[in-house]
Amino acid sequence: MSFGGSSSVATGAKRPFEYGRTHVVRPKGTHKATIVWLHGLGDNGASWSQLLETLPLPNIKWICPTAPTRPVSVFGGFPSTAWFDVADLSEDAPDDVPGMDASAAHVANLLSTEPADIKLGVGGFSMGAATALYSATCFAHGKYGNGNQYPVNLSLAVGLSGWLPCARTLKNRIESSPEAAQKASSIPILLCHGKADDVVLYKHGERSADALKANGFSNVLFKSYNRFDTSPDTPWLHAIFLCFVNHTITLLLEVLGTTLFQRRWTKSANGSQQIWSLALRHLDWKMLLLRGRIGAVVSK
């Protein structure tokens, strides 16, 4: 695993925010695909890079950037690492289009230097999933929300426990040109969501999948799971990780070619420890959000 600096600045917001360190998990085999993976609210790229390094995907390069630290409305203005400002973790929230444009452009910038024969993807967890889905819609539309051209060709998008930003304007964006409709129908999207998720509610993940399908994204796979919650007795993130392994490998095999990946998964003690550490990290942030212990959290 290697590290990169904070190579760009989010300039679309009211004031610029500098992106944090980027962590890179280099392929152990022949490089066939690169996926930018985006962490959730309050996290960083390091924790996910440690987890992704344990996956049996030797031909994928993972790029795990860290979001800027900025005031976040859902935390009552308390600073946190966030890909954009958000007042509510759902598709019903007001859309911070400048912030999302800046982060989608950061993702595209990270992918733009990859070799021309490498397939490109974007994925994420929670707010990272929302940013990944926004990037997928920008790819289909061919433009960011501000009208600037989207520069990279995406082959895949993955969202775990996320939501679809700008769902209300998606129809107009996709119907703007035949090229947008063709791109929307071509990109495979995998969404996973737990029915017991009490932060990004299951209904928001389900509605997001429905909105994508209704607007021409015909290659959407939505997987739901019964036992995802934030109880310490049922560590939902561990379950998400196992589902991620099973379903992401299956989808990547279909999209990127069956010769890319090892089909065997061996769970090492070290990998298991990393998974549980990451689960506890996200549980802490979710419980802080739920209990209102970060600044003046707005009660929902």
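Trainee: Hi! Which residues of β5 lie on one side of the strand, and which on the other?

Mentor: A33, I35 and W37 are on one side, with T34, V36 and L38 on the other; all are buried, and both faces are covered. Buried means a relative accessible area under 20%, exposed means over 50%, and partly exposed is in between (1.4 Å probe, protein chains only). In a regular strand, side chains alternate between the two faces of the sheet.

Trainee: Before we go on, what kind of model is this?

Mentor: This is a predicted model, where local features need pLDDT of at least 70 and side-chain atom pairs count only at pLDDT 80 or more, while totals for chains, interfaces and linings use all residues. Residues are numbered from 1 along each chain as its sequence is written, and side-chain values use heavy atoms, with hydrogens and water left out.

Trainee: Thanks! Back to β5: why is the strand described as largely enclosed?

Mentor: Because six of its six residues (33-38) are buried, β5 is largely enclosed by the rest of the structure. Strands (E, at least two residues) and helices (H or I, at least four) are DSSP runs, numbered from the N terminus.

Trainee: And how many bridges join β5 to β6, and how many to β9?

Mentor: Four bridges join β5 to β6, and the two run parallel. Six join β5 to β9, again in parallel. Two strands pair if DSSP finds at least two bridges between them. I35 has W62 in β6 as its bridge partner, and A33 has K119 in β9.

Trainee: Which helix makes a β-α-β unit with β5 and β6?

Mentor: Helix α1 (residues 45-52), and the unit is right-handed. That means that, with the strands pointing away from the viewer, the path from the first strand over the helix to the second runs clockwise.

Trainee: New topic: how many salt bridges are there?

Mentor: Two. A salt bridge here is a side-chain nitrogen of Lys or Arg within 4 Å of a carboxyl oxygen of Asp or Glu. One joins E114 and K61, at 2.9 Å from N to O. This pair links distant parts of the chain, 53 residues apart: E114 is in the loop between α2 (97-112) and β9 (119-125), and K61 is in strand β6 (residues 60-64).

Trainee: Are E114 and K61 buried or exposed?

Mentor: E114 is buried at 11% relative accessibility, and K61 is buried with a relative accessible area of 13%.

Trainee: What about the other salt bridge, which residues meet there?

Mentor: D95 and R168, at 3.3 Å from N to O. D95 is in the loop between β8 (79-81) and α2, R168 in the loop between β10 (154-160) and α4 (170-174), 73 residues apart. D95 is partly exposed at 30%, whereas R168 is exposed at 54%.

Trainee: Last one: what does S103 touch?

Mentor: Leaving out residues up to four places away in sequence, S103 touches Y19, W83 and T131, where contact means heavy atoms within 4.5 Å. S103 sits in helix α2 and is buried, at 0% relative accessibility.
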